[in-house]
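Good morning, and thank you for coming.

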Amino acid sequence: MGDNANSNESSSPSLHLARSPPQPSPIRLSKFASQKMRILVTGGAGFIGSHLVDRLMEAGTNEVIVADNFFSGTKDNLRRWIGHPDFELLRHDVTEPLLVEVDQIYHLACPASPIFYKYNPVKTIKTNVMGTLNMLGLAKRVGARILLTSTSEVYGDPLEHPQKEEYWGNVNPIGVRSCYDEGKRVAETLMFDYHRQHGIEIRIARIFNTYGPRMNIDDGRVVSNFIAQALRGETMTVQAPGSQTRSFCYVSDLVDGLIKLMACDDTGPINLGNPGEFTILELAEAVRELVDSSAKWKVVDNTPDDPRKRKPDITKAKSILKWEPKVALRDGLPLMVEDFRSRLGIHK
Ligand SMILES: O=c1ccn([C@@H]2O[C@H](COP(=O)(O)OP(=O)(O)O[C@H]3OC[C@@H](O)[C@H](O)[C@H]3O)[C@@H](O)[C@H]2O)c(=O)[nH]1
């Protein structure tokens with residue numbers, strides 16, 4: 001009985017493992033093909049996406065296609081590249097299939113601020129599941145390598161600290177954050193299943209809290225909220241209890257990590273974040289010192305399932321990518337304040 005079952009090789013799951021990856025189209029292998037790398041960035045009009053696009057375009061060796069539905073991203077973030085011969089901007093929602101010929105896909109598309117991703121939770125989970133399926137389908141068809149920007153939110157409200165990639169997390173499957181947390185967890189699952197079943201080259205980054213110029217002023221996340229509030233003379237809203245912690249990574253460091261991950265030989269997941277850990281009250285204090293010593297903060301209600309602590313273990317990023325963040329919070333915050341001042345037209 002056991003022998004018979006084992007002798008039926010076509011049903012053996014192991015046969016579906018480690019297939020060779022799909023090959024690029026013949027034209028790409030011809031000597032007349034453009035030597036530039038063709039790269040799709042989904043969500044490329046967003047905060048992190050547009051900084052990534054800058055870096056890819058500045059390299060001068062890439063052609064970049066951005067697909068964005070402009071739900072939280074804006075064309076303004078990309079205005080310096082519009083009209084450039086190596087750049088193309090598509091208004092496209094990743095929940096619909098996309099057919100383009102590319103060598104690499106950076107799949108970022110998804111609202112990342114809790115107020116944005118909770119605004120239309122069904123759309124958020126569709127974006128994570130159908131969007132990732134569509135991009136994996138594209139990667140399979142054209143033989144592209146695909147990098148998913150997953151999140152530290154896959155660890156939920158973590159029971160291990162700091163968080164290592166091996167930790168499976170503590171996530172509420174039915175809570176108000178689940179559309180994002182569970183959505184990204186399914187997206188990671190899809191990535192690995194396409195890798196195992198179809199040999200797709202995958203890379204997964206787990207991004208921790210990131211900040212920097214170009215964040216939406218009313219993005220709703222804590223760093224942008226505090227800076228905008230302090231600059232406008234409003235009271236900073238510290239959500240209770242204020243002792244919860246986050247680790248904040250400056251956007252240029254994060255983009256370095258993404259590019260190194262795409263280039264390396266490891267699938268990930270790899271944590272990308274700055275291990276410097278601060279309570280939310282410490283952050284409010286830092287912003288007060290920087291922007292306006294008379295700025296005030298008040299404690300307001302929090303939202304359900306807010307993680308109480310978060311800090312990346314970046315041992316893997318250090319050893320595999322030779323990456324670690326260079327910009328400390330005290331150096332990155334002033335750069336963001338400068339950007340917010342100029343966008344808000346506040347020059348005090
Ligand atoms: O005005 C505010 C906003 C937020 N907060 C608090 O600041 C902390 C951080 O909140 P944010 O909204 O900035 O971000 P979160 O850490 O909740 O989620 C983020 O996690 C990592 C990324 O993947 C995403 O960008 C985002 O989901 C929370 O404890 C929140 O309660 C405030 O105290 N005041």
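Strand β4, residues 104–107, pairs with strand β5, residues 145–151, in the parallel sense over four bridges. Here, two strands pair if DSSP finds at least two bridges between them. Helices (H or I, at least four residues) and strands (E, at least two) are DSSP runs, numbered from the N terminus. Within this pair, Q104 stands opposite R145 in β5.

Two remarks on the source: this is a predicted model, in which local features need pLDDT of at least 70 and side-chain atom pairs count only at pLDDT 80 or more, while totals for chains, interfaces and linings use all residues. Residues are numbered from 1 along each chain as its sequence is written.

What is the order of the strands in the open sheet? The seven strands run β3-β2-β1-β4-β5-β6-β11, with parallel pairing. β3 (87–91) and β11 (270–272) stand at the edges, each with a single partner strand, so one side of each is left without a neighbour in the sheet. On average, neighbouring strands of this sheet are turned by 20° against each other, direction ignored.

I turn now to the helices. Helix α6, residues 178–198, lies across β5 and β6 (202–207) and runs at about 155° to β5. Helix α8, residues 251–263, lies across β4, β5, β6 and β11, and its direction is at about 160° to β6. For these angles, axes are lines fitted to C-alpha atoms, for helices over the stretch in contact, and angles run from 0 to 180 degrees between N-to-C directions.

Helix α8 also meets helix α3, residues 47–58: their axes come within 10 Å and cross at roughly 65°. On the α3 side the contact is made by I48, H51, L52 and R55, and on the α8 side the residues include V251, L254 and L258. Contact means that the C-beta atoms of two residues, placed from the backbone, lie within 7 Å. By class, this contact has seven nonpolar, two polar and one charged residues. Ala, Val, Leu, Ile, Met, Phe, Trp, Tyr, Cys and Pro count as nonpolar, Asp, Glu, Lys and Arg as charged, and the others, Gly among them, as polar.

Which residues are closest to the ligand? They are T151, R221, V222, N225 and Q239, among 18 residues that surround the ligand. A residue is near a molecule if its C-beta atom, placed from the backbone, lies within 6 Å of it. The elements that give two or more residues to this shell are α7 (222–231) and β8 (236–239), and β8 gives the most, with three residues. The shell divides into six nonpolar, eight polar and four charged residues.

Some details of the backbone remain. Most residues other than glycine have a negative phi, and most peptide bonds are trans. The peptide bond from H161 to P162 is cis, with omega near -10°, and P162 lies in the loop between β5 and α6. The bond from G268 to P269 is cis as well, with omega near 5°; P269 is in the loop between α8 and β11. D305, a residue other than glycine, has a positive phi, near 65°, and is placed in the loop between β13 (297–300) and α10 (315–321).
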